[in-house]
Amino acid sequence: MPIGRESQTPEIQRDYLAFGSVRVDPQNLFKLPPQMPSLYFMDGNSRFTRLRPFHEDGFAIFQRDIVRIIPHIGEGDPQYSFTGNVMRGRVRSVFPPHSQPTQASDLDTLLTTMHDWNPMGTNEFIITKDEVIPHDSLYITDGVLNGMTFYRAERTDKFRPVKIFDEDFESKHFGHTMISKDAVIDFYDQHHQGILEQLLKLGVREQHFVVARNGNDDDLSVIHAKHQYYPKTMISDTGEQLRVIREMIMQFR
């Protein structure tokens with residue numbers, strides 16, 4: 001495997017990792033297996049990058065040089081704008097418009113605010129009825145929900161996990177449940193040992209992976225942003241898709 005050229009995604013490094021996102025069961029809120037959480041980075045120039053290792057649409061990297069970030073609760077419909085979803089009662093922002101980050105410093109401030117929400121352990125959160133909890137915002141500090149934040153929904157008075165929405169002038173993205181930087185690192189250490197270190201090599205140099213063509217597996221292809229690799233339309237079995245993507249990531253140098 002050749003050593004690649006200078007990285008086109010240098011913001012993919014541990015220092016710029018802001019948070020992650022995980023798929024959770026809508027009933028018990030636990031993280032759904034199998035998964036590799038998405039990783040969100042923002043560098044000093046406020047370039048916002050989402051590294052999505054494992055998804056039904058495949059491995060991908062998405063970058064935004066201008067971004068608006070909206071933590072929210074609810075289920076967004078991607079055919080409508082965020083405002084359109086609010087008008088339809090599907091989502092609710094947990095911060096006012098002037099607190100929706102567009103710069104790295106704004107994002108740092110917002111994440112600090114969320115992590116300063118009322119702390120609660122996973123077990124206490126699970127056994128305590130929502131209406132008994134005397135707060136509207138929570139930060140889970142341990143257990144299987146560690147690093148997740150919850151906000152009370154107005155209509156049902158129930159707590160819902162805070163999710164990520166990001167957009168620029170070209171596209172929008174309704175993401176999964178936000179999880180803190182430390183918690184997403186811990187998830188990788190527990191469930192995908194060595195994978196995070198491999199992913200961070202995308203920020204060091206251009207990365208390649210082996211492509212089999214006509215029975216020849218010596219051909220190489222470069223990982224590019226805004227391309228999707230090994231989607232389920234190519235590999236229908238979820239377990240096999242995960243295996244192939246892990247194998248690709250382990251080829252990074």
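Helices here are DSSP runs of H or I with at least four residues, strands are runs of E with at least two, and both are numbered from the N terminus. Counted that way, the chain has 6 helices and 15 strands. The model is a predicted one, so to speak of a local feature takes a pLDDT of at least 70 and to count a side-chain atom pair takes a pLDDT of 80 or more, while totals for chains, interfaces and linings use all residues. Residue numbers start from 1 along each chain as its sequence is written, and side-chain values rest on heavy atoms, with hydrogens and water left out.

First, the overall shape. The radius of gyration, taken over C-alpha atoms, can be set against a globule rule of 2.2 Å times the number of residues to the power 0.38. For 253 residues a compact globule would come out near 18 Å, and the chain's 19 Å agrees with that. The C-alpha trace spans about 60 × 35 × 35 Å along its principal axes. Accessible areas come from the Shrake-Rupley method with a 1.4 Å probe, and for residues only the protein chains shown count as cover. The accessible surface of the chain is about 13,000 Å², and 47% of this belongs to carbon and sulfur atoms. A residue is called buried under 20% relative accessible area, exposed over 50% and partly exposed in between (1.4 Å probe, protein chains only). On that scale, 49% of the 253 residues count as buried.

Helix α4 (residues 181-191) gives a local view of the burial. Its buried residues are Ala183, Val184, Ile185, Phe187 and Tyr188. The cover over them includes β1, β2, β12 (172-180) and α5 (195-199). Thr156 and Phe54 are 102 residues apart in sequence, and their C-alpha atoms are 33 Å apart.

Next come the charged pairs. Side chains of opposite charge can pair when their charged atoms come close. With a salt bridge taken as a side-chain nitrogen of Lys or Arg within 4 Å of a carboxyl oxygen of Asp or Glu, the structure holds 13 of them. One of these joins Glu11 and Arg47, at 3.5 Å from N to O. Glu11 belongs to the segment before β1 (17-22) and Arg47 to the loop between β2 (38-42) and β3 (48-52), so this pair ties together parts that are 36 residues apart in sequence. Glu11 is buried at 1% relative accessibility, whereas Arg47 is partly exposed at 22%. Through salt bridges that share partners, Glu11, Arg47 and Asp65 belong to one network.

Arg68 and Glu167 make another salt bridge, with their closest N and O atoms 2.5 Å apart. This one links distant parts of the chain, as Arg68 is in strand β5 (residues 68-74) and Glu167 in strand β11 (residues 163-167), 99 residues apart. Arg68 is partly exposed at 28%, and Glu167 is buried at 17%. The bridge between Arg243 and Glu240 has its closest N and O atoms 2.7 Å apart. Both residues lie in helix α6 (residues 238-250), and because they are 3 residues apart, about one helical turn separates them. Arg243 is partly exposed at 42%, and so is Glu240, at 32%.

Finally, the aromatic rings. Rings of Phe, Tyr and Trp (its six-membered ring) pair if their centres lie within 6.5 Å; planes under 30 degrees apart are stacked, over 60 edge-to-face, and the rest tilted. The count by this rule is 13 aromatic pairs. Tyr40 and Phe48 make a tilted pair, 5.8 Å centre to centre with 40° between the planes. Tyr40 is buried at 0% relative accessible area and Phe48 is buried at 1%. The pair of Phe165 and Phe174 is tilted too, because the planes stand at 55°, with the centres 4.6 Å apart. Phe165 is buried at 0%, and Phe174 is buried at 18%. Phe59, Phe209, Tyr229, Tyr230 and Phe252 make up one aromatic cluster. A charge counts as sitting over a ring if NZ of Lys or CZ of Arg is within 6 Å of the ring centre and within 35 degrees of the ring normal; Arg88 lies over the face of Tyr80 in this way, 3.6 Å from the ring centre.

Notes
Contact = heavy atoms within 4.5 Å.
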